[in-house]
Amino acid sequence: MEKINVLWADDEIDLLKPHILFLKDKGYEVSTATSGDEAIELVEKNAFSVVLLDENMPGLTGLETLNKLKAKNPHLPVIMITKSEEEHIMEDAIGSKISDYLIKPVNPNQILLSLKKTLDNKRLISEKTTSNYQQEFRQIGMTLSDRLSWTEWQDVYKKLVYWELELEKSKDESMFEILKMQKSEANKLYGKFIESNYIGWLNGKNPNPPLFSHTIFKQRVAPLLEKDETTFVVLIDNLRYDQWKIIEPIITQYFKVEQEELYSSILPTATQYARNAFFAGLMPSEIEKRFPKLWLNDEDEGGKNMHEEELLAEQLKRLGKDIKMSYHKITNNAAGKKLSENISNLMQNKLNVIVYNFVDMLSHARTEMEVIRELADDEKAYRSITLSWFEHSPLHDIIKQIAAKKCKMVITTDHGTIKVTEPSKVVGDKNVNTNLRYKQGKSLDYVKKEVFEVKNPADAFLPKQNVSTTYVFAKEDLFFAYPNNFNYYVGYYRNTFQHGGVSLEEMIIPFISLSTK
């Protein structure tokens with residue numbers, strides 16, 4: 001073991017010689033001090049890994065010494081040792097950011113355990129995490145070889161996200177690479193699963209369909225409206241399950257999670273389709289047929305999600321919910337702050353819907369702005385930016401206020417997003433849409449094995465612009481690229497976050513029911 005330098009400050013250090021010899025025998029270098037002043041002087045001149053500090057010394061007390069040590073080196077771990085169990089001393093020490101706290105008399109093994117916990121904590125956790133994932137890797141691999149149901153696919157995806165977040169902390173790059181390979185294999189098999197089941201689910205021919213974009217509101221939000229409280233539905237555009245897990249610890253300071261569910265976005269996993277379906281309670285072709293003035297197709301001019309409030313009002317009417325409701329779409333910080341200032345005015349409504357667009361804007365900005373690309377150059381950084389934004393956003397303030405009003409809250413999204421890495425060639429006429437993960441048109445040429453194709457849009461309840469319209473959805477982490485100017489196009493879009501296609505990350509998305517603590 002590499003030598004670890006320990007400073008032990010205690011005015012009765014001579015009585016601790018057996019402990020010091022024990023630590024030296026275990027490979028630690030131990031220096032000693034008999035007063036706070038001496039300890040500070042030694043820390044100024046030497047590089048110590050950790051300080052063992054007696055709380056009750058003549059002259060400078062342990063707490064005074066602790067404060068001076070932290071002023072000189074805030075990151076130096078300090079383990080406080082005291083005879084006293086008085087609560088205020090413990091609170092003062094803990095408030096000064098000690099690493100551990102031991103009550104005298106201490107035995108050598110206690111000291112050793114505390115040192116290991118303080119200095120080796122990250123390494124030990126990393127080794128344990130790696131070992132646990134190695135076992136889970138085999139289990140997940142065996143599971144993937146089975147014919148999985150929708151429920152089983154949810155479980156697999158939850159496990160993959162869990163281990164992604166755990167291994168990220170462990171810094172074990174080799175195991176992280178193995179996880180990425182397993183996730184890639186899972187996405188390949190999930191694409192086949194969707195090809196086999198999606199059309200059948202929508203048409204009532206395949207059993208046990210997931211909750212979809214067009215059924216989730218009726219099944220999960222409408223029952224909440226039977227209760228006395230005001231309900232807030234916060235839809236964060238483009239929020240993946242892993243991003244939910246990153247912001248969950250902040251949310252659960254104010255709310256308890258009553259139910260964490262995963263539901264399926266419809267295809268295309270794009271805002272225009274999935275979010276309109278969420279609010280309408282209808283599939284896209286049904287919206288187009290019933291409300292032609294509220295639906296715009298890909299090639300039509302104008303915003304494609306301009307009528308969500310009207311579609312929601314129509315769904316509530318169909319569900320027999322004659323209630324007061326509000327709808328707010330937040331697309332910039334100023335609008336978020338304005339809503340935050342007006343939360344009290346919403347309490348008279350039975351239902352308040354807030355669509356928050358930040359994560360979607362982040363994924364687009366990451367594609368288009370070099371500085372954002374550099375800040376979020378991988379999945380971990382993408383999550384980190386999401387967390388940092390949320391912590392300092394008006395949405396955080398809004399959620400705190402909702403908690404103070406003792407309301408029900410739902411946090412959900414319309415679709416996820418995937419980091420694309422490899423191009424898939426496609427050819428189409430000038431009317432083909434620009435999305436990189438799905439294409440629809442009348443004369444498409446594409447690599448069949450790389451897409452989920454829907455030759456008859458009516459089968460997937462999608463609008464049909466002309467007799468020969470076909471929809472194709474990119475699978476795994478592919479993105480569509482045209483042969484002309486191919487290399488530039490591929491270089492520009494590779495490793496960006498896109499949505500619209502078939503993947504675990506885009507389709508399996510969170511629906512979280514919360515109640516105030």
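**Strand pairing in a predicted model**

Strand E13 and strand E16 (residues 470–474) form an antiparallel pair joined over 4 bridges. Two strands count as paired if DSSP finds at least two bridges between them. Helices (H or I, at least four residues) and strands (E, at least two) are DSSP runs, numbered from the N terminus. This is a predicted model: local features need pLDDT of at least 70, side-chain atom pairs count only at pLDDT 80 or more, and totals for chains, interfaces and linings use all residues. Residues are numbered from 1 along each chain as its sequence is written, and side-chain values use heavy atoms, with hydrogens and water left out.

**The sheet with E13**

- An open sheet of 3 strands runs in the order E13-E16-E15, with antiparallel pairing.
- Strands E13 (438–441) and E15 (451–454) each have a single partner strand, so one side of each is left without a neighbour in the sheet.
- From one strand to the next, the twist averages 15 degrees (axes are lines fitted to C-alpha atoms, for helices over the stretch in contact; angles run from 0 to 180 degrees between N-to-C directions).

**Strand E1 and its partners**

- In strand E1 (residues 4–9), 5 of the 6 residues are buried (under 20% relative accessible area, with exposed over 50% and partly exposed in between; 1.4 Å probe, protein chains only).
- E1 runs parallel to strand E2 (residues 28–33), joined by 6 bridges.
- E1 also pairs in the parallel sense with strand E3 (residues 50–54), over 4 bridges.
- Val6 faces Val30 in E2 and Val50 in E3.
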